[in-house]
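Colleague: Could you walk me through this model before I set anything up with it? I would like to go from the overall fold down to single residues.

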Amino acid sequence: MARLDQVITNVVDIFLEYADDGGKKHRLNKDELIRVLETEIQSPELKGAINADDIEEAMKLMDKNQDGEVTFHEFCRCISNLAKSYYNKKTGRGDKKGKNKEQEAEPETTNP
Ligand SMILES: [Ca+2]
Ligand SMILES: [Ca+2]
């Protein structure tokens, strides 16, 4: 498989693998979120970018509608933010101040 093929199928497969483990299907509850973050993210930079050490914070960041479950849409948004944060770091565009500013400023109503 080409690299982007892998990235895209991995995102879906990883989400479903953990989300369908317990509780509601296709939703990550807090326990499942802890497992996916602990197992599938190892880079300290990325862990730091989503506050993986503080699960309450991570949940708050990812669970945009605050219903206690992370949907695939919310999961994708988080992955995309992580990619952006890595991109900024790599290209030197990362701003030192207010690292979560970008996410706060995102429009909340992007649903079709
Ligand atoms: Ca679940
Ligand atoms: Ca949610």
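Predicted model: local features only at pLDDT ≥ 70, side-chain atom pairs only at ≥ 80, totals over all residues.

Colleague: Okay, how many helices and strands does the protein chain have?

Modeller: The protein chain has six helices and zero strands, so that, in DSSP terms, the pattern read along the sequence is α-α-α-α-α-α.

Colleague: And what share of the residues is buried?

Modeller: Buried residues make up 17% of the 112 residues in the protein chain.

Colleague: Let's do packing. At what angle do α2 and α4 pack?

Modeller: Helix α2, residues 30-40, and helix α4, residues 55-62, pack at an angle of about 100 degrees, and their axes are 11 Å apart. That angle makes α2 roughly perpendicular to α4, because values from 65 to 115 degrees fall in that class.

Colleague: Which residues meet there?

Modeller: From α2 the residues are Lys 30, Leu 33, Ile 34 and Leu 37, and they meet Ile 55, Ala 58 and Met 59 of α4. By type, the residues of this contact divide into six nonpolar, no polar and one charged.

Colleague: What about the largest nonpolar core, which residues have the most contacts inside it?

Modeller: That core has 15 residues, and those with the most contacts inside it are Leu 28, Leu 33, Ala 58, Met 62 and Phe 75. The elements giving two or more residues to this core are α1 (3-19), α2, α4 and α5 (72-91). As general background, nonpolar side chains in soluble globular proteins tend to be buried together.

Colleague: Switching to backbone geometry, where is His 26, and what is its phi?

Modeller: His 26 sits in the loop between α1 and α2, and its phi is near 60 degrees, a positive value in a residue other than glycine. His 26 is exposed, because there are 11 other C-beta atoms within 10 Å and the exposed class takes 12 or fewer.

Colleague: And Gln 66, buried or exposed?

Modeller: Gln 66 is exposed, with 8 other C-beta atoms within 10 Å. Gln 66 is found in the loop between α4 and α5, and its phi, near 55 degrees, is likewise positive in a residue other than glycine.

Colleague: Back to contacts across the sequence. What does Ile 14 touch?

Modeller: Not counting residues up to four places away in sequence, Ile 14, which lies in helix α1, touches Val 36 and Glu 40. Ile 14 and Val 36 are 22 residues apart in sequence, and their C-alpha atoms are 7.9 Å apart in space. Ile 14 counts as partly exposed, with 15 C-beta neighbours inside 10 Å.

Colleague: Where does Ala 52 lie, and why is it classed as partly exposed?

Modeller: Ala 52 lies in the loop between α3 (44-49) and α4. Ala 52 is partly exposed because it has 19 other C-beta atoms within 10 Å, whereas a buried residue needs 20 or more. Leaving aside neighbours within four places in sequence, Ala 52 is in contact with Leu 37, Ile 41, Lys 47 and Ala 58. The C-alpha atoms of Ala 52 and Glu 38, 14 residues apart along the chain, are separated by 7.6 Å.

Colleague: Last one: how far apart are the C-alpha atoms of Tyr 86 and Ala 49?

Modeller: They are separated by 8.8 Å, although Tyr 86 and Ala 49 are 37 residues apart along the chain. Tyr 86 is found in helix α5 and counts as partly exposed, with 15 C-beta neighbours inside 10 Å.

Key
Residues numbered from 1 in each chain as written. Chains lettered and ligands numbered in written order. Axes fitted to C-alpha atoms, helices over the stretch in contact; angles between N-to-C directions. Parallel < 35°, antiparallel > 145°, perpendicular 65-115°, else oblique. Contact = placed C-beta atoms within 7 Å. Nonpolar A, V, L, I, M, F, W, Y, C, P; charged D, E, K, R; others polar. Core = buried A, V, L, I, M, F, W, Y, C linked by C-beta atoms within 7 Å.
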